[in-house]
Amino acid sequence: GDQPAVAFPVYTCYELHIEQGPILEEEGIDIGLVHAAMGQRWFNVVIRGFAAHAGTTPMASRRDALTAFARLALAVEDIGNQHEPDGRATIGMAQISPGSRNVVPGEVHCSVEFRHPQTTVLQAMETALRKATADLNQRGIQLDVERIFDYAPIAFDETCLQRSANAAQALGYSSKRMVSGAGHDTCYISKIAPASMIFIPCEKGISHNEAENIQPEWAEKGANVLLHSILPAALE
């Protein structure tokens, strides 16, 4: 079009979104007031053992990369549990080599992801991961950990949040302050303007799936809170 491709000044920003989780529906709450978004740290891990014949190699002589991976997976789960309620720890990918039913696995490549709204906790989770891999290294298995992504936590604007809280209260809707476990557009907009998010429930917390669904009344309440968050900001 005729408009130049330059940034327009933004006074304030609100994003209305489904929660992508089960909390609002399970607790029967209408509106989530999102005050922060979790930081994320991603790692690539390589576990190296030794590929050997499954029939001729005694159990005590094996350097099985897969059993080391199993211990690592439990350690990662434990790290997440230690930092509840906001801690998240996930292994979403794993590749076993050489991938033969009669060969002791010699190598495993996997991902590890941590999420938390506090940088200090993310660092503690990473430290725990590196300690767990160091402990496994002592079993004759080599583990290499590479951090490939570090996304800092986001704190949203308190004035924006208060407008949404006031709107929910005036409309007679229940609400609670929440942390977003996923990244959103507003996380980036918050770097240049005051911003916050409004969550509505979604059925069973399902997202990124064909079964994802919301009820019309949830959408209506979210739209009303959005409208009555924007109006006072526009009149300032």
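Buried means under 20% relative accessible area, exposed over 50%, and partly exposed in between, using a 1.4 Å probe and protein chains only. What you see is a predicted model, in which local features need pLDDT of at least 70 and side-chain atom pairs count only at pLDDT 80 or more, while totals for chains, interfaces and linings use all residues. Residues are numbered from 1 along each chain as its sequence is written, and side-chain values use heavy atoms, with hydrogens and water left out.

Gln 40 belongs to strand S3, residues 39-48. Helices (H or I, at least four residues) and strands (E, at least two) are DSSP runs, numbered from the N terminus. The side chain of Gln 40 makes a polar contact of 3.2 Å with the side chain of Trp 42. A polar contact is a pair of N or O atoms within 3.5 Å; within protein, one must be able to donate a hydrogen and the other to accept it, and residues adjacent in sequence count only if both atoms are side-chain atoms. Setting aside neighbours within four places in sequence, Gln 40 is also in contact with Glu 113, Phe 114, Arg 115, Leu 122, Phe 149, Asp 150, Tyr 151 and Gly 183. Contact here means heavy atoms within 4.5 Å.

Val 46 lies in strand S3 too. With a relative accessibility of 14%, Val 46 counts as buried. Not counting residues up to four places away in sequence, Val 46 touches Glu 107, Val 108, His 109, Gln 142, Leu 143 and Asp 144. How far apart are the C-alpha atoms of Val 46 and Cys 110, which are 64 residues apart along the chain? They are separated by 6.6 Å.

Now turn to the helices. Helix H2 (residues 65-82) packs with helix H3 (residues 119-137) at an angle of about 155°, and their axes are 10 Å apart. This makes H2 roughly antiparallel to H3. The axes are lines fitted to C-alpha atoms, for helices over the stretch in contact, and angles run from 0 to 180 degrees between N-to-C directions. Angles under 35 degrees count as roughly parallel, over 145 as roughly antiparallel, 65 to 115 as roughly perpendicular and the rest as oblique. The crossing of H2 and H3 is right-handed; a crossing is left-handed if the near helix is turned anticlockwise from the far one by less than a right angle, and right-handed if clockwise. On the H2 side, the contact is made by Ala 68, Arg 71, Leu 72, Ala 75, Val 76, Ile 79 and Gly 80, and H3 supplies Met 125, Ala 128, Leu 129, Ala 132, Thr 133 and Leu 136. By class, the residues of this contact are ten nonpolar, two polar and one charged. Ala, Val, Leu, Ile, Met, Phe, Trp, Tyr, Cys and Pro count as nonpolar, Asp, Glu, Lys and Arg as charged, and the others, Gly among them, as polar.

Beyond its neighbours within four places in sequence, Met 125 is in contact with residues including Ile 79, His 83, Arg 88 and Phe 114. Over on helix H2 you will find Ala 73, which is partly exposed, with a relative accessible area of 27%.

The axes of helix H4 (residues 158-171) and H6 come within 8 Å and cross at roughly 125°. That makes H4 oblique to H6. The contact is made by Arg 163, Ser 164, Ala 167, Ala 168 and Leu 171 of H4, together with Asn 224, Val 225, His 228, Ser 229, Pro 232 and Ala 233 of H6. These residues divide into six nonpolar, four polar and one charged.

Finally, look at the backbone in the loops. Most residues other than glycine have a negative phi, and most peptide bonds are trans. Glu 84 and Pro 85, however, are joined by a cis peptide bond with omega of about 5°, and Pro 85 lies in the loop between H2 and strand S5 (88-90). The peptide bond from Ser 97 to Pro 98 is cis as well, with omega near 10°. Lys 204 has a positive phi, near 60°. This residue sits in the loop between strand S12 (195-200) and helix H6 (216-234), and at 69% relative accessibility Lys 204 counts as exposed.
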